[in-house]
Amino acid sequence: MTLLKRLVLFTLLLTCAFPYQAFAYKVVLDAGHGGSDPGASGVNGLREKDVNWDITQKVRDELTALGYEVVLTRTDDSYWSLAQRVEFTNTLQADLFVSIHANAHPDGKTKGSMVLYYDNAYPQEDYPASETMKQLTPYSKDLAQHVLDSLVSAAGTKNLGLVPSAVYVARMGTIPSILVETAFLSQSSDAALLANDAVRAKMAKGIASGIAAYTPPLFTDTLVHWARDPILRMKNKGVIEGIANRYEPDRALTRAEFLTLMDRVFTFSGLKSSCDPGRNGTVTSIVYGCQSVTEQDYKDLPASHWASAVFAKAKKLNLLQGYSDGTIRPNQSITRGEVAFLFDRLLQLSSNNSIQATLPSTDKFDDVPSDLWSAKAIYALKKKGIINGITDTTFKPDQTITRAEMAALLDRYYVK
């Protein structure tokens, strides 16, 4: 076996054994202070901002070598406000936030390492945390413990433990966040450690190792989302997937994503087309229902498109046809009415059942009249407990469906 083949095989084995490492976690590293804010001053003349910057760069290098995606807040000796650091992090859709500092104490005797995190069990009235960070307490605490244990083991510093804290960067974000206090610049032996490049390298390696020992929760962007439970259940069933370690629950579902999900649920290759003239309908130039299947190449669906195969299978089932301009628009958002119609049609195909739904005489949605093209499907799924309205009286059939709503629909389908 050649070396290349061995490497490929090894990579595949790692992916199977450690599925969460099949993508790169994104970590934001924040070098504390900077620019006009020097931070603490050491008894040996060190400036905290310089120590923080050096250790942060070393942590970045360690994590990058481990396969992590790393983003720095400040990338030079510039001033960043605390709010800027949090706002910047929130735009990155990262998995973890780690701020790196050196410490100081007026007594000149205190030494050691500690890690700060926000703990909702110890709120501070004058420094309220974001609602998200309140609920992220267990995740931030777990990260803090892993990093502290690894840091003191690598650097040989005194373990001062975890510190519940209301520091801004630990209480105002949207992902597990911690602040690392490596050692005390105000204490002579600690300051000597921080002045030693080899020790700073050990500290950086310890912080990086602690981060690597911590497994971020699956789909970081759903930690406090209303649909997290159904999302995780559908993930565990192998029905849905995320984008790296995010699910993007509030993004509109695309047509390509919807068909891919339906293929996983109903297995298109095992279905046979069955035309139901009573359910044909035309919506924004896409024709659903019975059409003659022709060999047509959609100009916006090249063979290289990731969903081209599932579109081909859907076409054979007469699930949908293209637009009059020769497109199929795989990346266009799909509406709630379209989802209901196609899901109901697939239920019919999968059960070889052509029973028509009966429109209800009561308990209707105000925006789903009986003559709406998707009404029978909407009410059929509602009766089965598979689909819900936006409210008790509105369904909003023309509103795009979100990835979270789709996960909840699938979860209800499997429960039923």
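In what sense do strand β1 and β2 pair, and over how many bridges? In this predicted model, strand β1, which spans residues 26-31, pairs with β2 in the parallel sense, and four bridges join the two. Within this pairing, K26 has E69 of β2 as its bridge partner.

The two strands belong to an open sheet of six strands, arranged in the order β2-β1-β3-β6-β4-β5 and mixed in its pairing. The edges of the sheet are formed by β2 (69-72) and β5 (159-164), each of which pairs on one side only. On average, and with direction ignored, neighbouring strands of the sheet are turned by 20 degrees against each other. Helix α3, comprising residues 82-91, lies across β1, β2 and β3 (96-103), and runs at about 165 degrees to β1.

Strand β4, residues 113-117, is mostly covered, with five of its five residues buried. The side chains of a regular strand alternate between the two faces of the sheet. In β4, S113, V115 and Y117 point one way while M114 and L116 point the other way, and all are buried. By contrast, β4 and strand β6 (residues 177-184) run antiparallel and are joined by three bridges, V115 standing opposite V180 of β6.

The structure holds 10 aromatic pairs. Among them is the pair of W80 and F88, which is edge-to-face, with 5.3 Å centre to centre and 80 degrees between the planes.

One aromatic cluster is formed by F266, F343, Y413 and Y414. A charged group is also placed at the ring of Y414, over which the charged end of K237 sits, 4.5 Å from the ring centre. An arrangement of this kind involves R336 and F395, where the charged end of R336 sits over the ring of F395 at 4.3 Å from its centre.

Considered as a whole, the chain contains 14 helices and eight strands. Of its 416 residues, 50% count as buried. Among the contacts in the chain with a separation of 6 or more, 78% are accounted for by residues 24 or more positions apart. The chain exposes about 19400 Å², of which carbon and sulfur atoms supply 53%.

Note on methods: Residues numbered from 1 in each chain as written. Predicted model: local features only at pLDDT ≥ 70, side-chain atom pairs only at ≥ 80, totals over all residues. Heavy atoms only, no water. Pairing = 2+ DSSP bridges. Axes fitted to C-alpha atoms, helices over the stretch in contact; angles between N-to-C directions. Contact = heavy atoms within 4.5 Å. Buried < 20%, exposed > 50% of the residue type's maximum accessible area, 1.4 Å probe, protein only. Phe/Tyr/Trp six-rings, centres within 6.5 Å; stacked < 30°, edge-to-face > 60°. Lys NZ or Arg CZ within 6 Å of the ring centre and 35° of its normal. Areas by Shrake-Rupley, 256 points an atom, 1.4 Å probe, with all protein chains shown as cover.
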